[in-house]
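Please keep the sequence and the model in view while reading.

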Amino acid sequence: MTSIADNLQQVHTRIARACTAAGRNPASVRLLAVSKTFDAEAIRAAMAAGQREFGESYVQEAIAKQDALGAQASMLCWHYIGPIQSNKTREIAERFAWVHGVERLKIAQRLSAQRPDDLPPLNVCVQVNISGEASKSGCAPQEALALCAEVARLPHLRLRGLMAVPAPSKDEHEQRAAFHRLQELFIALRAQLPQADTLSAGMSDDLEAAIAEGATLVRVGTAIFGSRPRTLAGVP
Ligand SMILES: *Cc1c(COP(=O)(O)O)cnc(C)c1O
């Protein structure tokens, strides 16, 4: 049994090695700990090891954990990384600092309208279906820059960049090819909207390939918290 603290240390080492290999500064990559399906105790253990940014995919589950953590929850930065249903936008706008899965203008407009006035703008990454899978969420790559421009105009949102979950592959060349297409899109985005500073890409199995292709934020669950129970349908 390895502890969450040990796992976090190992992930930091992987990030640092991948940055060195790519000639990048390790401080240029943020680690988002994906705590979906794990309880508040697991989050406390990661917090004790210095982790502050957490990713959740289910609104109700996330709110229950935030409430269980009480005052500690407000010391953390919460990212919503799951699919966004229209009837959940208010809770997302009220309870999170970041949203990674915006794929339609309608959802972005609701998030902006529902973001409480006393909170800073909600940080948004537009999700891109970079592998062109029919079943995957995300907007088409050729629509991404237009959507980003619209999001950037909404008053209570702050456009931060792009997010993608490429088709799973064990082959590092295939992984790199998908992340490379994403990086090209991100470079085009930055030419248009220089405030975009975040490329949210890479998970437990492919964070090295993502960092080699310019990821600035990796979303890591399994490598920190262990494997997730298979009983939850639809968990990626
Ligand atoms: C679950 C999830 C992750 C983390 O995946 P691991 O393979 O467990 O690291 C990252 N991003 C998204 C969008 C997820 O849903």
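In this predicted model, a side-chain N or O atom of lysine 36 lies 2.7 Å from an oxygen atom of the ligand.

**Ligand contacts**
- Glycine 221 places a polar backbone atom 2.8 Å from an oxygen atom of the ligand.
- For arginine 228, a polar atom of the side chain is 2.8 Å from an oxygen atom of the ligand.
- The protein buries 94% of the 390 Å² that the ligand exposes when taken alone.

**The shell around the ligand**
- The ligand is surrounded by 14 residues.
- The closest of these residues are Lys36, Ser204, Gly221, Thr222 and Arg228.
- By class, the shell holds seven nonpolar residues, four polar ones and three charged ones.

**Cysteines**
- A disulfide is a covalent bond that joins the sulfur atoms of two cysteines.
- The count of disulfides in this model is zero, with a cut-off of 2.5 Å between the sulfur atoms.
- The closest cysteine sulfur to that of cysteine 77 belongs to cysteine 125, and because the two are 11 Å apart, they are too far from each other for a bond.
- Cysteine 125 in turn has its closest cysteine sulfur in cysteine 148, at 8.7 Å, which is also too far for a bond.
- Cysteine 125 counts as buried because its relative accessibility is 0%.

Methods: Residues are numbered from 1 along each chain as its sequence is written. This is a predicted model: local features need pLDDT of at least 70, side-chain atom pairs count only at pLDDT 80 or more; totals for chains, interfaces and linings use all residues. Side-chain values use heavy atoms; hydrogens and water are left out. A residue is near a molecule or strand if one of its heavy atoms lies within 4 Å of it. A polar contact is a pair of N or O atoms within 3.5 Å; within protein, one must be able to donate a hydrogen and the other to accept it, and residues adjacent in sequence count only if both atoms are side-chain atoms. Accessible areas come from the Shrake-Rupley method with a 1.4 Å probe; for residues, only the protein chains shown count as cover. Ala, Val, Leu, Ile, Met, Phe, Trp, Tyr, Cys and Pro count as nonpolar, Asp, Glu, Lys and Arg as charged, and the others, Gly among them, as polar. Buried means under 20% relative accessible area, exposed over 50%, partly exposed in between (1.4 Å probe, protein chains only).
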